Amino acid sequence: MRKLLTIFMASVLLASVPAVCQAQAATVVAPSPEKVALVKRYFAAIHFDEMMSGMVNQMTPAMMAQMRQSQPNMTDAEFKAATEAVTESTNDFLKKVTEASIPVYADIFTVEELTRMDEFYETPVGQSIMAKVPEASQKLMPVVMALMPDFQADVTKRLCSKIDCSVKKANTPA
């Protein structure tokens with residue numbers, strides 16, 4: 001049941017992403033060249049590409065371990081190929097996410113806000129903060145993972161209070 005629920009939750013989340021992104025993309029107006037330049041400057045100052053890569057690099061081993069567990073007959077060569085495919089696809093995906101993020105940030109923030117953000121994150125204090133984000137994320141990951149079983153149990157409990165989660169046997173008289 002837990003595995004089915006996890007697959008269900010993941011598929012619901014993944015299935016909703018394109019619709020949400022499509023709806024948001026429809027509302028974002030093409031940004032001015034000035035705003036595009038400011039957002040790119042901000043992304044450079046906060047090391048946006050490195051942050052995104054860092055998040056993926058933290059998640060990929062867990063994803064691959066789950067794949068290995070769910071596919072016990074996978075050979076080492078197949079697992080290596082799968083890891084390479086995931087890494088390559090993820091790198092391309094991150095480039096697309098970064099490019100798609102530019103108009104979103106440009107739409108949300110004013111020129112003045114983007115300018116101030118750029119100025120702050122280019123300072124020694126701003127750079128110090130950004131240098132510490134990966135360490136904070138790394139220390140936070142085990143905390144989040146430790147909370148995950150309780151989260152999954154809570155989702156299961158809430159779901160089963162709304163629908164019948166008991167396994168029904170086929171052809172069983174009512």
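**Figure 1. Crossing of helices H3 and H4 in the predicted model.** The axes of helix H3 (residues 48-70) and helix H4 (residues 76-108) come within 10 Å and cross at roughly 145°; axes are lines fitted to C-alpha atoms, for helices over the stretch in contact, with angles from 0 to 180 degrees between N-to-C directions. Helices (H or I, at least four residues) are DSSP runs numbered from the N terminus. The crossing of H3 past H4 is right-handed, a term for the near helix being turned clockwise from the far one by less than a right angle. Residues of H3 that meet H4 include Phe48, Met52, Val56 and Met63, and those on the H4 side include Phe79, Val86, Leu94 and Tyr105; contact means heavy atoms within 4.5 Å. The residues of this contact comprise 12 nonpolar, six polar and three charged, where Ala, Val, Leu, Ile, Met, Phe, Trp, Tyr, Cys and Pro count as nonpolar, Asp, Glu, Lys and Arg as charged, and the others, Gly among them, as polar.

Residues are numbered from 1 along each chain as its sequence is written. In this predicted model, local features need pLDDT of at least 70 and side-chain atom pairs count only at pLDDT 80 or more, whereas totals for chains, interfaces and linings use all residues; side-chain values use heavy atoms, with hydrogens and water left out.

**Figure 2. Surroundings of valine 28.** Valine 28 lies in the loop between helix H1 (2-27) and helix H2 (33-45). Its C-alpha is 6.2 Å from that of aspartate 107, although the two residues are 79 apart in sequence. Beyond neighbours within four places in sequence, valine 28 contacts Pro103, Val104 and Asp107.

**Figure 3. Histidine 47 in the loop between H2 and H3.** The phi angle of histidine 47 is near 55°, a positive value in a residue other than glycine. Histidine 47 counts as partly exposed because its relative accessibility is 28%; buried means under 20% relative accessible area, exposed over 50%, and partly exposed in between (1.4 Å probe, protein chains only).

**Figure 4. The disulfide between cysteine 160 and cysteine 165.** A search of the whole structure finds one disulfide, defined as a pair of cysteine sulfur atoms within 2.5 Å. The S to S distance between cysteine 160 and cysteine 165 is 2.0 Å. The torsion about their S-S bond is about -105°, so the disulfide is left-handed. Cysteine 160 is partly exposed, at 30% relative accessible area, whereas cysteine 165 is buried, at 16%.

Technical notes:
Helix = DSSP H or I, 4+ residues; strand = E, 2+ residues; numbered from the N terminus.
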